[in-house]
Structures are given as structure tokens and as C-alpha cells.
Amino acid sequence: MTVRTRFAPSPTGYLHIGGARTALYCWLEARHRGGEFILRIEDTDRERSTEAAVQAILDGMQWLQLGHDEGPYYQTLRMERYREVAEDLVRAGKAYYAYETKEELEALRAAQMAATIKPRYNGAYRERNEPMRDDPNRVIRFKNPQSGSVVFQDKVKGRIEWSNEELDDLVILRSDGFPTYNFAVVVDDIDMKISDVIRGDDHVNNTPRQINIYNALNATAPNFAHLPMILGADGQKLSKRHGAVSVMQYRDDGFLPHALLNYLVRLGWSHGDQEIFSREQMVSLFDVADVNHSAARFDLEKLSWLNQQYLKNDDPETLVPHLQFHLDACGYDLSSGPAPADVIVALRERCRTLKELAEKAAVWYGPIASWDDAAVAKHLTTPTAVPALQAVHASLAALTEWKVEQVHSAIEAAAAAIGEGMGKVAQPLRVAMTGTQVSPAIDQTVYLAGQSRALARVEEALRRAGA
RNA sequence: GCUCCCUUCGUCUAGUGGCCUAGGACAUCGCCCUCUCACGGCGAGAACAGGGGUUCGAACCCCCUAGGGAGCGCCA
């Protein structure tokens, strides 16, 4: 039997970190076992589902390069199917019509809570065999077994047993004709031949109910794997107002999609002491059965470190398309400065994100935004500052070939000419180039500025130094 | 309240009865490298939730307690 996994988000918001990891694990499991990955949009909640959210999820998947082999399927396009299956169950005596109003059900629940017993539907219509009749409150409820227990072997949690006495007769078809979640997933997973259901562990509680529905439908239940959740850095559950940001926000913040995926795959799963995984390695090494049992916290520091690892080690050219987004955001005129790939090489050891990298590149694409007073005071007012700057201006101006090596030699020559060490020339020059005392290696910094811009800045610095 | 799940350094984790005086990574601190900042190198501090068992021996097995989480919808 071919392995088929699915990622089935409900379009009530963007794709967040937890969803992204679930999608990744589903994708990985399918790839690892040579199977297929299906995308399904669970949009039966008419109140909260939106078109924009569907697009946001698709965009997120696209950015992460988690391609699906089938779908996306939309549950709202399968309404007929759910109704048909639900009615079949009624005919088979495995489900029944019930007509309570929402208020009655609410009252029942309140009474049970007050009596401190577990709130459950009391099965009032279970044995009545009421025919289908027009009634705004008509729903179809599933006849859950009343004794015995459901046992399943979860691929990450292990054996889980659930007494049927804990379960009640859940609604499978609402009064508006829409299916409920527990019913729609089962019908879909059967129809779509899903072999492995991988989802968040907030669904563990639903699994016994779903298995009973599989049984009623004479279908074999798939394998289940329930993933522990991802908590915010403070250990609290992620929610809209609590750090659950869209994966696209990570792009905007300067992270590489692969770095995010690498971070996510290690959150709850590991392979010995290995931290860095290429896509190929993830696919060949990942096994959902190796996923941890407990929740993990999201740590931005480690994600940042990983991101820099990729920044430092990837081919600069492959990074350029990702950097482009941030270069555009900064509004640079790229024709007025160095090639992005050169900028990456110069800055990647001092930046953890692409955003940071793009921002630090400003000095090579436009004028110096502001002069740091402390930098000026410390490096442009020393006795050696003016002679150093004059010497370096002369040697830089004399260059007929503008390459890093030549620039480097010119700076060394200037230092030798005034009888001082590199530091005495490099620091004033650095302030001249950037207005600050921090930048990449001085030869790189000068080289990337370009000859005319570099000379103009040395002249400006000399003026500021009072020469 | 009831049911189910979880518990190793601050964080992510290795560990499946002896290899553990518990390993790695991020973060932190120190030293080295050095034209600044970084990168890199070296080093330090830092954990088996608690209590009972089982066993010659327990981070690993069992029980209890505590703490955390999820669910108990005509939401997904």
C-alpha cells in the first residue's frame, strides 16, 4: 500500500509555526517512504474560513517549498458526499436524526457541569428512530458504541486506550447540512486513501471517536501520529496574541526558508547530535516514529544561529534571490553599488538575518546616513588621522585597477608611508567609509564603496577632521 | 470536575538497565585570533521534577505525588 499523508489546515488564519512543522513532518514522512503528500483545505467552518487565509496558507507552503502531490482539495466542494455518507449511516442504523435546539443542549451541558459530571449528549433520540422531517434543528448524530474501549497504537505516543463510556453520540451532520470536523476528516481520509494521519496532539482526544466512525463505515483506520505542540519562548501556548506569527513573517524578518525548516525539524526530532540537515538528509533520516513526546519551546536565538550557518555556507549566488526581497524593502538603487553577491560575502559573518544584511549594506548604495560622534572623536581627531587619511587617499587615487587585493595593498602602503600600523589607518578610514567604527574588513569595505565614492568619503572625512 | 497526554542543563536535545563522575547544540561567561565588529578555535558554569519500589546495578522498568498541557461544541 502506498504511503499517503495529508496536511489539512483550516483556513481561519495564516500558516503559523506549528502548522508549518506539521506540514513539514507530513511531507517528510511521505517523501521518506516514497509516498504521496496531499493538501486538503478544511473549510467547513463558514463563520471563520476566508479566501485570504487559503491564499496565505498556499503562500506559506510555497515559500517553504513543501510541494504537494495532490490537491488542494476543498471540503466545501464535497458537501454532497458527506451528506450521502451520513444518510447511509442512518439507513444502516448507525446514526440517527436528533432535534434538540441549541438552547436545550446548552442547558443539558450546564446541568451536567453543575453536577460535576463530564458533559455529554444524553442520547435522547438514540433509540427513537425518528424519521427525517423538516426542522431547523435537525442534525444527524453518530451512534457511538456504549461499551468496550478503543485502542490504537499512536506512532509517537504509543498505545492509547479510550473507554467508549467517555464518548457520546456526536453530531456528524449539522442542521445547516455541513459536516462536523470529526466526520468530514474520516470521510475524506477514507476517500483520499490516507495511510498515515500526522497532526497536532490536540487531536488525540478526537481519535477514538474517529476510529469508531471508521469502524461504522467498515473502513480500516489509518496509522496515527500525534505531534506534541510548539510553545512560545515563554512556555505559553502560541496564539494570535501570543507570538503565533505567520511563517511569512519569518521571511520578512530575514530568515531563509530552509533555515526555518531545519530549525523546525529539530524541534521534536533529532538524529544523534546532528544540527544541520540538508533537505535530502531530512528526507532520508526522518521517521515520524522518532518524534519526541513532549512539547517544545520556540527559540528565536537558535533559529537565528541556524540562519547564519546557511548564510555563511551557501553559495552567495543562491542567496541573492532571497536577499532581493530585503534589498527592495530598503529601497536601494542597485546600479549605484556593488553586486548583491559581493555584499553577501562581505557581511554574512556578521549578520544573522538577510534583513540585517540588507540594512548594513546601506553604506554602499547611498550616502552615509549619519556620523557617529564617538567614532569621529575617537578616530578622526587623533594626531595620525589626517596624515593617515591623506596617505591612503593618495594611494587609493593612484590605483588603476579596483580590486580587493589592490585596495588592500594601497592601505598597507599608506600605513607604511606614515610609519604606523594597520590600525592607525584602518580605523580612521573605516569611519570615513561608514561614519561608524564598525564594518567588515577595511579592504572589503573600501572596495565595495567603489573608487570614486571611496575617495569622496576620505575627502569628506578630512574636512571633518579639520584638515 | 472527568478523560487522555507530557516531565534530562535557561532552551532544543542524546540517552531504550552497566559504555553516564549524563554527551552535543543554542544562549551565557572567560581566553586566543585580530584593522573594528564578527567568524573561528579553546575552555568554564549549567540538567535526569519529587518520593517509593524492582534489580547486583536505574535517567532508562513499575507505582504514587507534584507540576504542565490537551479535550469534554451543530470549531477545527
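Modeller: Ala, Val, Leu, Ile, Met, Phe, Trp, Tyr, Cys and Pro count as nonpolar, Asp, Glu, Lys and Arg as charged, and the others, Gly among them, as polar. A residue is near a strand if one of its heavy atoms lies within 4 Å of it. This is a predicted model, where local features need pLDDT of at least 70, side-chain atom pairs need 80 or more, and totals for chains, interfaces and linings use all residues. Numbering starts from 1 along each chain as written, chains are lettered from A and ligands numbered from 1 in written order, and side-chain values use heavy atoms, without hydrogens or water.

Colleague: How many nonpolar, polar and charged residues does the surface near RNA strand B have?

Modeller: There are 16 nonpolar, 20 polar and 26 charged residues. Of the 62 residues around RNA strand B, those that come nearest are R174, G268, E349, R350 and S439.

Colleague: Which side chains have an N or O atom by a base of RNA strand B?

Modeller: Look for polar contacts, pairs of N or O atoms within 3.5 Å; within protein, one must be able to donate a hydrogen and the other to accept it, and residues adjacent in sequence count only if both atoms are side-chain atoms. The side chain of S175 is 2.6 Å from a base oxygen, and that of K302 is 3.3 Å from a base nitrogen.

Colleague: And the sheet: in what order do the three strands stand?

Modeller: Strands are DSSP E runs of at least two residues, numbered from the N terminus, and two of them pair if DSSP finds at least two bridges between them. Here the order is 4-5-8, in an open, antiparallel sheet. Strand 4 (95-98) and strand 8 (171-173) each have a single partner strand, so one side of each lacks a neighbour in the sheet.

How values were computed:
Helix = DSSP H or I, 4+ residues; strand = E, 2+ residues; numbered from the N terminus.
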